[in-house]
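Please look over the aromatic side chains in the structure shown here. The numbered points that follow are meant for a reader who is new to it.

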Amino acid sequence: MLQYIAKRLVGLVPTLLLVGLLVFLFVHLLPGDPARLAAGPEATPETVALVRSDLGLDQPLPRQFARFLNGVVHWDFGTSLRTKRPVATEIGDRFMPTFWLTLWSMAWSVAIGMTIGILSAVWRNRWPDRVGMTLAVSGISFPAFALGMVLMQIFSVELGWLPTVGDDTWRHYILPSLTLGAAVAAIMARFTRSSFVDILGEDYIRTARAKGLDERRVVIKHGMRNALIPVVTMMGLQFGFLLGGSIVVEKVFNWPGLGRLLVDAVDMRDYPVIQALVLLFSLEFILINLIVDILYGIINPTIRYR
Amino acid sequence: MKSLVRSIAAAALGLSALVAVPAFAAKDVVFAVASTFTTTDPYDANDTLSQAMAKSFYEGLYGFDKDMKMIPVLAESYDASTDGLVYTLKLRKGVKFHDGTDFKADAVKANLDRVTNPDNKLKRYGLYNNNIANVEVVDDYTARITLKTPFSPFIAQLAHPSTVMISPAALKQWGNKDIAFHPVGTGPFKFVEWKATDYLKVAKFDGYWKKGYPKVDTITWKPVVDNNSRAALMQTGEAHFTFPVPYELADVLKAKPDLELVAAPSIVLRYLSMNTQQKPFDNPKVRQAIAYAINKEALAKVAFNGYATPAEGVAPQGVEYAVKIGPWPYDVAKAKTLLAEAGYPNGFETELWSAYNYSTAQKVTQFLQQQLQQIGIKTKITLLEAGQRVEKVESWQDPATAPVRLYYVGWSTSTGEADWALRPLLYGESWPPKLFNTAYYKNDKVDADIKGAQLTTVSTEKAKFYKDAQETIWKDAPWAPLVTEKLLSAHNKKLTGVYVIPDASFIFTDIDLK
């Protein structure tokens, strides 16, 4: 097991290298001159040249890439072209708000989503299923920005119960995590339901029922474990997406997170920030996948790692 | 039961105490603004917002009042030599920086020397290095600035929000780059904290030279990107002032009894530039036809919800030496005649680009497309994203192959003076990539006027030069002038003394909270 984890972690290095190279090429292919953008509309050509050399963009591409790689190895991602603060600080400031928001959103949406999914599967085609799946479809189809605005209008503006924007207290987390989690809860509900419906038709469930086990034990003990595998996979994927920061939710709630940082960075062609963020997102996905793979083994002990 | 009543009463009491507290507490004002600040260093900023925010802690030698009239701030008066080369400035006495040092002539030298030194790589370098030759300290309260060539709008440049006085001691302590994280000026507020993701906070400076000011204790500048969220903050009372208010939310905020919506005049001119070096736009008749074909009144209503007025000249009213000529009349019949005379009775096909990709620009270009269709000109719309704009327009190297044709764009004359309204946009040497003459317009008479106005310090002569230039340009029509925008802001009725000035910067010297 440990050996397996170690092997996976080593395998991480070439993947990240490849991602680093691709994203480096990609950002330099984007149209638009970052020096010109940073210098602003009133700048003269001499100023643009000054800004360019200040940002190190006057050097040949291979040298820029070497510098970037060398920096990454030394845990130095350079400074943001836009704010001139170290990229590590820029990302560090925003990582935790995004992380906590993701965690809270995932926590409630997984709990609610799985409950709805199980209830829908057990009472398939009866009213709990109808209600549950109506909710789920609404959750998927209702756009997050609209949900965010509606929630804010009701709970902040009209009722005055919750704060509008920011991330200062736990109360600030309620509306954004509801907004962010709505779609995830819906997806989880649908996944859980279909996975459970399949499992409940299996022979071993019939056997368990034939043994005279009560329905609750059949569902929770025999159904749950087996149904969880695809659900956990989906959970991992969703977690990864949310960790990338939701642009829409962060904009509406003015959340100091990574999604907005990425959008701002792309707008201003802030190469170092884009590169570091994409690397971070890839790393997050790889790690989450690893965790999901380990969870498989815990859920189903017949799975072996090599 | 009794205990329940008692606890409810206690809770109510506690609650009312909580609610009552702010009334006696410090006067804390919150400004909700539209984007994050790039820097606190005005010499290294290129966005109006960062410079407006920096007015909390920085002041210039000159400045603007709320009507954008120039006023002396840290300077008391100036004296220009007759050849227009040497400016001698008398400075205000008894001004202290936040770090306790005195404001003296050495600060003028330190700040201007800093920005004109290319090693410091400041974004405003070009603006100053073009004209400042050297700065001398005559005595503690007299500074002498010598220019390379006569440049009559020089004092207007000193009034620009980027020309501020940073404490020389602080500059020495923090260095050229880090000063942006530790701003020390002479302004009414001193810097407290900047959390880049969340807010920037400033607090009252007790040693401010203007006695009795500022009247509030703190200002928190809160960047809130989303328009609706900013409006929500105003409605809940979490923010006292917000700018800009998008047109579609104007009515919502107007309806709230505790808020006041203000539509202030601006010097933001929106126009359609035409590449005069390329067929068919090399023919003035085609350009005039396009200008005639657009109904500017309707455009203001459709795209700007009525918060704009048809453009009245080449430079908007409010800019010094701007001449009121228009608006350009809307006359489709005349447009068709002109187009036929130019040899295009059936119109032609061309590209219509917008310098912006937000929704108002989309509405504008669609409206323009439909208007030009009336006279047979078919256009293909492209809304350029910032990077594309830079690549395809602003830094295009060879004027002969420039792909820009019809180009919807705007300009805010940040110095408030005609030179900066005309020279970057219409001077023969300002073609991209140098500056923003996207019409690739060159008229020797206009060039001579702009140059002539720069060289003279006599106001009436300047006015004559600029009048001639603007009238010539108007007739030549390298642009179809469209509209002048209004600036929509909202503030809580308890807040007074905060103004949006025509260049979209803020004035808040008199800020107070009831």
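**Note on aromatic contacts**

1. B:F31, B:F37, B:W221, B:F241, B:F243, B:F506 and B:F508 form one aromatic cluster. This is a predicted model, in which local features need pLDDT of at least 70 and side-chain atom pairs count only at pLDDT 80 or more, while totals for chains, interfaces and linings use all residues. Residues are numbered from 1 along each chain as its sequence is written, chains are lettered from A and ligands numbered from 1 in the order in which they are written, and side-chain values use heavy atoms, with hydrogens and water left out.

2. Over all chains, a search of the whole structure finds 39 aromatic pairs (rings of Phe, Tyr and Trp, the last by its six-membered ring, with centres within 6.5 Å; planes under 30 degrees apart are stacked, over 60 edge-to-face, the rest tilted). The ring centres of B:F37 and B:W221 lie 6.3 Å apart with the planes at 80°, so this pair is edge-to-face. It links distant parts of the chain, 184 residues apart, with B:F37 in the loop between strand 1 (28-33) and helix 2 (48-54) of chain B and B:W221 in strand 10 (residues 218-223) of chain B (DSSP runs numbered from the N terminus: helices H or I of at least four residues, strands E of at least two).

3. B:W221 also forms a stacked pair with B:F506, at 5.9 Å centre to centre and 10° between the planes. Both B:W221 and B:F506 are buried (under 20% relative accessible area, with a 1.4 Å probe and protein chains only).

4. B:K66 lies over the face of B:Y499, at 5.2 Å from the ring centre (NZ of Lys or CZ of Arg within 6 Å of the ring centre and within 35 degrees of the ring normal).

How values were computed. Buried means under 20% relative accessible area, exposed over 50%, partly exposed in between (1.4 Å probe, protein chains only).
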